Amino acid sequence: MAPTLTLKPGTAWDDAWQRCLALAPEAFQGDRVLNLWDGTWHADGRALPATTPIDGSPIAGPPRLDADTAHQAVRASLDQHRRWRHIALPERRARVAATLDALTEHRELLALLLVWEIGKPWRLAQADVDRAIDGVRWYVEEIDRMVEGRAPLPGPVSNIASWNYPMSVLAHAMLVQALAGNAVIAKTPTDGGLACLTLASALAAREGIPVTLLSGSGGELSEALVRSPEIGCVSFVGGRDTGASVATAVADLGKRHILEQEGLNAWGIWNFTDWDALAPQIRKTFDYAKQRCTAYPRFVVQRSAFDAFLSVYLPAVRAIRVGHPLAVASPSDDLPNLDFGPLINAAKAKELADQVAEAIDRGAVPLHRGDLADGHFLPGQDLSAYVAPVTLLNPPSTSPLHHAEPFGPVDTIVLVDTEAELLAAMNASNGALVATLSCDDPDTYTRLAPQIRAFKVGHGKPRSRGDRDELFGGFGASWRGAFVGGDLLVRAVTEGPEPERLPGNFPDYHLMPD
């Protein structure tokens with residue numbers, strides 16, 4: 001009989017919150033967080049209730065600002081920007097480095113906040129914090145050559161990002177933008193990451209980094225954060241629907257922009273026999289329930305190899321561990337090593353379950369359906385945000401699972417007989433961020449990979465955003481504006497000698513990096 005699990009001592013939400021109150025009293029007051037603008041923390045906005053996806057219990061909600069206050073904050077950020085851009089690079093570098101030291105000192109608290117706010121397992125939450133710190137340290141070391149002959153933008157960079165990587169994507173970008181000489185504005189993600197970003201911003205603000213952190217609905221704040229003439233660049237990470245409206249706005253205004261949107265990233269199997277190498281990769285694709293823009297929810301498999309594929313795929317997916325990220329059998333136990341915990345909220349879990357049920361009703365074949373009864377949970381805890389792994393064969397073309405990223409632990413498999421069918425199935429979403437092709441013959445890979453419409457294509461291995469000098473972008477509708485990563489991130493938020501054509505997807509041109 002399995003032991004009864006309990007919450008590991010010292011990891012409760014209240015424990016994390018009390019630590020925040022003690023560490024950054026300027027940013028955390030009572031049961032709410034504050035907004036940061038004009039270099040000051042403000043108890044403004046209307047704090048909304050929020051719950052953790054882990055067990056549905058209450059946590060701090062976003063203090064939503066109105067549009068007028070957001071415009072004031074943007075104007076104040078421009079004043080900060082005009083001062084900061086003239087700070088000498090050695091001083092900027094020293095302040096960012098000091099911020100990184102502070103983040104390192106409090107990395108476990110930042111990670112614990114991520115666990116509660118967005119449901120990340122402990123291992124992945126720590127990795128999110130560490131990737132932010134390590135990535136920005138690389139820029140601190142390399143920034144001199146990157147900004148040589150370049151200048152900060154005319155106005156601050158406005159960041160609007162999804163909730164899934166608050167540190168390694170959003171905080172990382174903000175610190176590099178500041179290092180390059182820009183004031184930075186960020187909207188806290190609506191669905192999670194508020195307290196973690198607030199703490200990180202408090203540590204940065206103490207070192208004199210010109211950070212503005214605001215909460216509010218996208219509809220209410222978009223006019224200020226996207227269309228304001230004070231904004232020098234808009235950096236967006238999120239879905240295609242919202243991204244399309246942002247893209248229209250920045251195109252109309254001729255504003256610098258970086259818009260990362262999702263695509264259906266596919267893993268192709270063609271004339272392939274190295275199944276032992278594939279097996280461990282399959283389980284890893286389920287990290288964080290595939291709630292990331294570089295997840296692989298689609299496998300495109302050669303029909304003649306389907307039985308061999310299933311012989312490694314099904315054991316891998318059956319071994320996935322799902323559960324409460326902070327539950328232990330004994331107080332002295334380490335936190336569990338889970339593949340994933342909850343989805344971001346109960347509404348998303350229901351939406352995904354409904355899509356699966358509808359796809360099956362319309363002809364998809366369920367190959368695997370996990371059971372939460374086998375999960376790692378506290379007795380009687382709320383499970384409304386959890387979804388066990390599901391695998392469907394041949395989702396119908398009318399299903400969202402056929403052409404869109406599910407952002408949850410649902411795989412779809414499509415069988416193909418020809419190379420043309422393989423490429424069509426892998427390119428189902430008009431552009432993707434990453435893709436992988438597993439085939440034995442290197443020449444076959446070399447011939448087919450350029451026909452896959454993804455920014456990065458791996459040969460038998462998954463691709464990701466990458467770190468440090470690795471470039472990142474997307475093809476088709478998955479990306480608009482400047483590409484990033486390595487030197488390109490700094491180029492995207494600085495100005496060089498005219499005429500300059502940044503690598504990226506723009507309304508009037510598409511340019512790949514050299």
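## Lysine 120

A polar atom of the lysine 120 side chain lies 3.1 Å from the backbone oxygen of asparagine 164. Lysine 120 is found in the loop between helix H4 (107-118) and H5; helices (H or I, at least four residues) and strands (E, at least two) are DSSP runs, numbered from the N terminus. With 1% relative accessibility, lysine 120 counts as buried (under 20% relative accessible area; exposed is over 50%, partly exposed in between; 1.4 Å probe, protein chains only). Beyond its neighbours within four places in sequence, lysine 120 is in contact with residues including Asp128, Asn164, Tyr165 and Tyr288 (contact means heavy atoms within 4.5 Å).

## Basis of the model

This is a predicted model: local features need pLDDT of at least 70, side-chain atom pairs count only at pLDDT 80 or more, and totals for chains, interfaces and linings use all residues. Residues are numbered from 1 along each chain as its sequence is written, and side-chain values use heavy atoms, with hydrogens and water left out.

## Backbone exceptions

Most residues other than glycine have a negative phi, and most peptide bonds are trans. Asparagine 271 has a positive phi, near 45°, and sits in the loop between strand E16 (266-269) and helix H10 (275-284). Arginine 468, also not a glycine, has a positive phi of about 55°; its loop runs between strand E23 (454-459) and strand E24 (479-482). Asparagine 271 is partly exposed at 43% relative accessibility, and arginine 468 is partly exposed with a relative accessible area of 43%.

Glutamate 498 and proline 499 are joined by a cis peptide bond, with omega about -5°. Proline 499 lies in the loop between strand E25 (494-495) and strand E26 (504-506).

Key
A polar contact is a pair of N or O atoms within 3.5 Å; within protein, one must be able to donate a hydrogen and the other to accept it, and residues adjacent in sequence count only if both atoms are side-chain atoms.
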